[in-house]
Amino acid sequence: MSVDDGLPICTGVVLFMTKLCLISLYEDISSIGLRYLAAYLRKAGIGVTMVFMPSTPIASRYREFSDSKQEVSLLKDLLGQISPDVIGIGVMTNYFKRAAHITRQIQKDCNAPVVFGGIHA
């Protein structure tokens with residue numbers, strides 16, 4: 001990715017987004033991949049908001065989601081406030097069901113595309 005005339009360019013495709021929300025499903029705030037991506041995009045002039053969702057018990061990560069309605073509601077409210085152009089969710093295999101559930105919930109109220117990323121995406 002490089003910057004040309006103030007617009008980030010990625011393999012010939014111009015990215016017109018100005019606001020991006022990156023969501024980590026892992027409470028561990030060291031989520032290094034999202035942090036690297038956020039730093040790079042900020043340097044390229046794109047506004048980035050990072051959200052760290054609270055952890056769920058390990059068993060629920062492999063079975064079903066366990067995010068409370070309040071947590072999802074708070075996330076949807078935050079997304080409504082920042083109105084991102086794109087939402088990115090860092091996903092590892094054991095968090096896929098949770099990512100899918102959260103995506104379905106936020107897409108009810110938000111028109112921004114949701115993109116999964118990460119080593120297992």
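Predicted model: local features only at pLDDT ≥ 70, side-chain atom pairs only at ≥ 80, totals over all residues.
Colleague: Which residues of H4 are the buried ones?
Modeller: Arg 98, Ala 99, Ala 100, His 101, Ile 102, Thr 103, Gln 105 and Ile 106.

Colleague: And what do they pack against?
Modeller: Three elements: helix H3 (69-82), strand S6 (86-90) and strand S7 (114-117).

Colleague: Back to Arg 98. What is its relative accessible area?
Modeller: The value is 4%. Arg 98 counts as buried because the cut-off is under 20%.

Colleague: How far is the C-alpha atom of Arg 98 from that of Leu 25?
Modeller: The two C-alpha atoms are separated by 8.0 Å, although Arg 98 and Leu 25 are 73 residues apart along the chain.

Colleague: Now S6. How many of its residues are buried?
Modeller: Five of the five, so S6 is largely enclosed by the rest of the structure.

Colleague: Which residues sit on which side of S6?
Modeller: Val 86, Gly 88 and Gly 90 are on one side, with Ile 87 and Ile 89 on the other. Both faces are covered.

Colleague: Does S6 pair with strand S4 in the parallel or antiparallel sense, and over how many bridges?
Modeller: Parallel, over five bridges. Strand S4 covers residues 19-24. Opposite Gly 88 of S6 stands Leu 22.

Colleague: What about S6 with S7, parallel or antiparallel?
Modeller: Parallel again for S6 and S7, this time over four bridges. One of the bridge pairs joins Gly 90 to Gly 117 in S7.

Colleague: Is Ser 31 buried or exposed?
Modeller: Buried, at a relative accessible area of 11%.

Colleague: Which residues does Ser 31 contact, leaving aside neighbours within four places in sequence?
Modeller: Ser 31 is in contact with Ser 24, Tyr 26 and Phe 52.

Conventions: Residues numbered from 1 in each chain as written. Heavy atoms only, no water. Buried < 20%, exposed > 50% of the residue type's maximum accessible area, 1.4 Å probe, protein only. Helix = DSSP H or I, 4+ residues; strand = E, 2+ residues; numbered from the N terminus. Contact = heavy atoms within 4.5 Å. Pairing = 2+ DSSP bridges.
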